[in-house]
Amino acid sequence: MPTNPTNPSNLRHPALPVDSSSLSLSIDQRLGSFHLQTELVLPAHGVTGIFGTSGSGKTSLLRLIAGLEYPDSGVIQLGDQVLLDTRRRISVAAHKRRIGVVFQEARLFPHYRVRGNLTYGMPAHASARFDEIVELLGIKALLERMPGTLSGGEARRVAIGRALLSDPQLLLMDEPLTGLDGARKDELLRFIAQLTKQVDIPVIYVSHDAEEISAIADHLVLMKAGRVVASNRLNHLLQRFDLTHELGGFDAASILEGRVDEHDATYNLTHLALNDTHRLVIPGTSAPIGSPLRVRILARDIALALTPLQSTSYRNQLSATIEDMTSLSTSPHSVELLLNVGDIRLRARLTRKSWDEMGLHIGKQITALIRSVSVAHY
Amino acid sequence: MILSPAEWEAIRLSLLIGLAAVAWILPPGIAVAWWLARHDFRGKSIVDGFIHLPLVLPPVVVGYLLLVSLGRQGVVGQWLYATLGVSLPFTWQGAAVASGVMAFPLLVRALRLSLEAVDPKLEAAARTLGANRWRVFTTITLPLAIPGLLTGTVLAFARALSEFGATITFASNIPSETRTLPLALYTLIQTPGQESAAARLCVIAIIIALFSLIASEWLARRTKQRLQERDAY
C-alpha cells in the first residue's frame, strides 16, 4: 500500500506495519450482538494458528480475509496488495484474491470427479504441480471417483489438494479436521504439518483444539469475543502466565523445537539436540537424523532438584534458572514457574509447599527433571 | 392411423410453437429464477406475484394485454415494427410469444425450487478457487439444478402445447399459421358434422400428451440413474 500519511483510511485505521508479504488487517464488523473488532499483523511465513472458543469470531475473520464477507469498515492487506479498504472503496472480489480456503466441511463439487474437483481452480501454469500434490496427499487412487463415494478423511485431503492447486498466495484452513475420528485426525494432521513445510505459502489455521494448534502452528493468535487477546510466536504465548486462562485448552505446556541427533535402537530412544549444549532423550521416533522435531512438555511433568541427581529414573535433567514465578488463581496451593535453560524457556508447576521448603526464589539455579516428553508433530 | 394434411399441419404447428415458446423463455426464465432464488430485495413478493400472474389470470386477458402492448399500435409493437420490421400478431411467432408467456411461471417455479436447493457453500468454495460469478453459475449452480431445469422445461412445453386462450386472442386462429391442435379442435367442434374429425384430433392430443409425459418420466429416470451410477462407483 502506498503509505500516504494523509490518506483518510489511515486516520480511522492507523497505518499498519507491513513487511514484504505479511497479512495485515484492521476490521470492524457488527453482526447482531456480535462485534468483531480486530487488528492483526501476521507473519509472511509458516503457520499461524487462530485459537478461540466457538463464537469468538475465528471463522468470521477467515471469511473476511477470503472476501466472502464484507466488514462495516476495515483494511486488509496482503504484502503490498490492498485487498480491502472500505474508506477508499477498494474491495478485491473473492475470486481475484488468490486465497485458498479449506472449509470445515470439504465442500467438494458433487457433480465432478475428484480429478475435476482438483483441477477446478487450477491455472494452466500450476498444472505441472498436479502430480506432485496428488502424490503428496496420497489421493492418486481416488482421481476417478465421485465425491459422494469418499470417506471423510479422503474428502478433506481432496479439498486441501484442490485449494493448493488453485495456486493461492495464502491458504486458510477452517477447522479442517472437524468430524474425523482419532486415527484419521492424527494422520491428516501429520499430513498438513508436512505440507505446510513443503509448500512455501503462509497458512492460517483456525481451530478450537489446542492439540492441533500446538502441533502445527508457529505463530498463535488468541481470540475471544471478537477481539484478539494476544498474537505472538506460539512458544512465547505459551509462557505467558497472564494468558493461562485464555490458553485453557493448552494445559500449561512448553513447546520445544529441536533437531534429531541420533537414534538409540537398543532402548528405542531418540536423542534430540535443542541447541549446542542441551539435549533431550525422547521416546524413539522414525524421524530422520537432522530433521526438525517439535516436542511438548507439560508443566506438571517437570520436577525440580537443587542439585543434579546421580541416580534417578528421570532421563532428562537440564540445569536451569528460575526466571519467574506466579501463583495460580485456580489452585492456590500450586505455583507456576518459568525456567530459563540457555535460550529455552520451560513452564513448570509445583506445590507451594515444595517452593517454600526448597527455599526457591527467582534467579536461583536448579536442575529441571523432565518426566515425559511427547512429540507434537513430525 | 393415417392423418389428413390438416391434422399434420396442426401437429406440426403445435410442436413448432411449443418448442419455440420454450426456447425463448428459457434464458429469461433461468435468469429470473436465479435472481429470485439468490437475492432478497424490497418488493420481492410483488415481483414474484407479477411473474405468477399468467397462472391465475384468464388467458384471454393475457392475450389482450399482449395485443395492446405488442400489436401494431402497441408501445412495444410499434417500436418492433419500426426498427426491426417485425409484426407479431397473427403469426406463429406471435403464438409462440403468447404460449411462452403463459408457460413462463411454470418454468420459473420449478427451476427456482431447484436453484434454492443448491448449497451456497459450494458456490462460495468455487469463488475462492478463482471462479467469477458467471463461471460459478454455469459450472456449479446450473448443473446442480438440472433436475429442476428438466421438470420446468417439460412442464412449460406441455403448457405451451395446450395453450388456447391467449393464443387465439393475440395470434388468432389462422390455418397453417397459428391453428395449433387445441385451436383446430375448437374449430371442428364449432363446425356441424365434424364430430368424428374432432374425436380424431382429441385422440391425437391425448397421444401427444401421453408421449411427452412418458418421455419426461424417462428423462428424469435417466438423469437420476446417471447420478446414482456415479455415486455407486
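This is a predicted model: local features need pLDDT of at least 70, side-chain atom pairs count only at pLDDT 80 or more; totals for chains, interfaces and linings use all residues.
## Where the chains meet

Let's start with the interface. On the chain A side, 25 residues are in contact with 20 residues of chain B. Putting the two chains together buries about 2000 Å², and carbon and sulfur atoms give 65% of that area. Within chain A, the residues that lose the most area to chain B are A:His95, A:His111 and A:Tyr120, together making up 32% of what that side buries.

B:Lys121 pairs up with A:Glu105 here, with the closest N and O atoms 3.5 Å apart. Looking at elements of chain A, β7 (99–102) and α5 (152–165) each supply at least two residues of the side that touches chain B.

## A nonpolar patch on chain B

Over on chain B, there's a nonpolar surface patch built from B:Val75, B:Val76, B:Trp79, B:Leu84 and B:Val86, with about 510 Å² of accessible area together. B:Val76 sits in helix α4 (residues 75–84) of chain B. This valine, B:Val76, counts as partly exposed because its relative accessibility is 38%.

## A loop residue in chain A

Back in chain A, A:Ser54 is found in the loop between β3 (47–51) and α2 (58–66). With 66% relative accessibility, A:Ser54 counts as exposed. From A:Ser54 to A:Gly342 is 288 residues in sequence and 38 Å in space, going C-alpha to C-alpha.

Conventions:
Residues are numbered from 1 along each chain as its sequence is written. Chains are lettered from A and ligands numbered from 1 in the order in which they are written. Side-chain values use heavy atoms; hydrogens and water are left out. Patches are made of residues with over 30% relative accessible area and no salt bridge: like charges are joined within 9 Å, nonpolar side chains (Val, Leu, Ile, Met, Phe, Trp, Tyr) within 5 Å. Accessible areas come from the Shrake-Rupley method with a 1.4 Å probe; for residues, only the protein chains shown count as cover. A salt bridge is a side-chain nitrogen of Lys or Arg within 4 Å of a carboxyl oxygen of Asp or Glu. Helices (H or I, at least four residues) and strands (E, at least two) are DSSP runs, numbered from the N terminus. Buried means under 20% relative accessible area, exposed over 50%, partly exposed in between (1.4 Å probe, protein chains only). Contact means heavy atoms within 4.5 Å. Buried area is the accessible area (1.4 Å probe) that two parts lose on being put together, summed over both.
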